[in-house]
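Here's a predicted model to talk through, question by question. Have a look at it first, then we'll dig in.

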Amino acid sequence: MRLPCTVKALHPPSSRRASSALAGMFVPACSSIDSQSLQLLQDFVSRTTRLFAISGAGLSTESGIPDYRSEGVGLYARTDRRPMQHAEFVRSAKSRQRYWARNFLGWPQFSSHQPNVAHKALRHWEERGKLHWLVTQNVDALHSKAGQKRLTELHGCAHRVVCLNCGSISAREELQKRFVEQNPGWRARAGAVAPDGDVFLEDEQALHFRVPSCEFCGGILKPEVTFFGDTVNKATVQFVHKKLAEADAVLVIGTSLQVYSGYRFLLAASDRKMPIAIVNIGPTRADHLAELKVRGRCGEVLSVIQPF
């Protein structure tokens, strides 16, 4: 089981203002929510006593963090760029250099993003005893920033760094300081922000960027997140299945569930004949498994649903 991020970093007002300005920019178009759907969701939540929830990037787009798949505004719709692959990161020093240069530039903005009303609603549900467990596919630490305790970060957290040799875990904010120390004269012009904390950057701009090694063993440092092409830790998957078995209903929030690592829990819930509801603007891989689908922004929906 991965522990949730503890986030204490402070950032200049300019980073916080940029984060606020981006809020909503990456949310796809959505029609107004009909009152009948909201009432059905309220009834669904009221019936459950041990709710299991799984959240995705659609929750964080409302905090100004782009996602990959949203129609018209996701990374795949805006560019032909694709995310870092695990195998490429491990085998190629040049790819790691390019990745960390982009991540270094994007970190002040990415780490300054704040929880939105949907994150805060879920924390409130937990405090009221309605939410038994929350699994997030996001790596942005916004649930932790909101104060969520009963939480599994399925794909890790970008606010942590792991050494691929000795396994030591350190804070991403500390690595940022080491980047600054080792690259005092390095300058680059950053492009648009990407989903996982980095920015667009021309390859040649990263040529002279220096990447620190592990302070303990000299090994390769990697964000403590599950890159594309990698698999989620088996113990984490088993732990989440245990929490699912303890629950009596499932709520999907802001995810298309296109990645199997999250979708598998919906399959397991369906096998258990558990009631499933979905809140998402677009279609999801689990729509056929749900008894209720509410199309709308996560914040607009969750903020009006009461945990009683």
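Q: How many bridges join strand β1 to β7, and which residue in β7 is the bridge partner of Ala53?
A: Strand β1 covers residues 51–55 and runs parallel to β7. The number of bridges joining these two is five. In β7, Ala53 has its bridge partner in Leu251.

Q: Which strands stand at the edges of the six-strand sheet?
A: The order in this open sheet is β3-β2-β1-β7-β8-β9, with parallel pairing. A strand at the edge has a single partner strand, so one of its sides is left without a neighbour in the sheet. On average, neighbouring strands are turned by 15° against each other, direction ignored. The edge strands here are β3 and β9 (292–294).

Q: How many residues of β7 are buried, and which ones lie on each side?
A: In a regular strand, side chains alternate between the two faces of the sheet. In β7, Ala249, Leu251 and Ile253 are on one side, Val250 and Val252 are on the other, and both faces are covered. The strand is largely enclosed by the rest of the structure, because the buried residues number five of the five.

Q: Is Glu153 buried or exposed, and which residue's side chain does it contact?
A: Glu153 lies in strand β3, residues 151–153. Its relative accessibility is 2%, and the cut-off for buried is under 20%, so Glu153 counts as buried. A polar contact of 3.4 Å joins the side chain of Glu153 to that of Arg160.

Q: Which residue in β5 is the bridge partner of Val161?
A: Strand β4 takes in residues 156–163 and runs antiparallel to β5. Three bridges join the two strands. Val161 has its bridge partner in β5 at Ser170.

Q: Are Cys163 and Cys214 buried or exposed?
A: The cut-off for buried is under 20% relative accessible area. Cys163 comes in at 2%, and Cys214 at 7%. Cys163 is therefore buried, and Cys214 also counts as buried.

Q: What kind of pair do Tyr99 and Trp100 make?
A: The structure holds twelve aromatic pairs. In the one made by Tyr99 and Trp100, the ring centres are 5.4 Å apart and the planes are at 75°. Planes over 60 degrees apart fall in one class, so the Tyr99 and Trp100 pair is edge-to-face.

Q: Which residues form the aromatic cluster that includes Tyr99 and Trp100?
A: Tyr99 is buried at 6% relative accessibility, and Trp100 is buried at 1%. They belong to one aromatic cluster, made up of Phe89, Tyr99, Trp100, Phe104, Phe179, Trp186, Phe209 and Phe227.

Q: Which lysines lie over the faces of Phe227 and Trp133?
A: Over Phe227, the lysine is 4.7 Å from the ring centre. Over Trp133, the distance to the ring centre is 4.7 Å. The lysine for Phe227 is Lys222, and for Trp133 it's Lys243.

Q: Where is Leu257, and what is its phi?
A: Most residues other than glycine have a negative phi. Leu257 is found in the loop between β7 (249–253) and α11 (260–271), and is buried at 0% relative accessible area. Its phi is positive, near 60°.

Q: Is Lys273 buried or exposed, and what is its phi?
A: Lys273 sits in the loop between α11 and β8 (276–279). With 71% relative accessibility, Lys273 counts as exposed. Though not a glycine, Lys273 has a positive phi of about 60°.

Methods. Residues numbered from 1 in each chain as written. Predicted model: local features only at pLDDT ≥ 70, side-chain atom pairs only at ≥ 80, totals over all residues. Heavy atoms only, no water. Phe/Tyr/Trp six-rings, centres within 6.5 Å; stacked < 30°, edge-to-face > 60°. Buried < 20%, exposed > 50% of the residue type's maximum accessible area, 1.4 Å probe, protein only. Lys NZ or Arg CZ within 6 Å of the ring centre and 35° of its normal. Pairing = 2+ DSSP bridges. Helix = DSSP H or I, 4+ residues; strand = E, 2+ residues; numbered from the N terminus. Polar contact = N/O pair within 3.5 Å; in protein donor to acceptor, adjacent residues only side chain to side chain. Axes fitted to C-alpha atoms, helices over the stretch in contact; angles between N-to-C directions.
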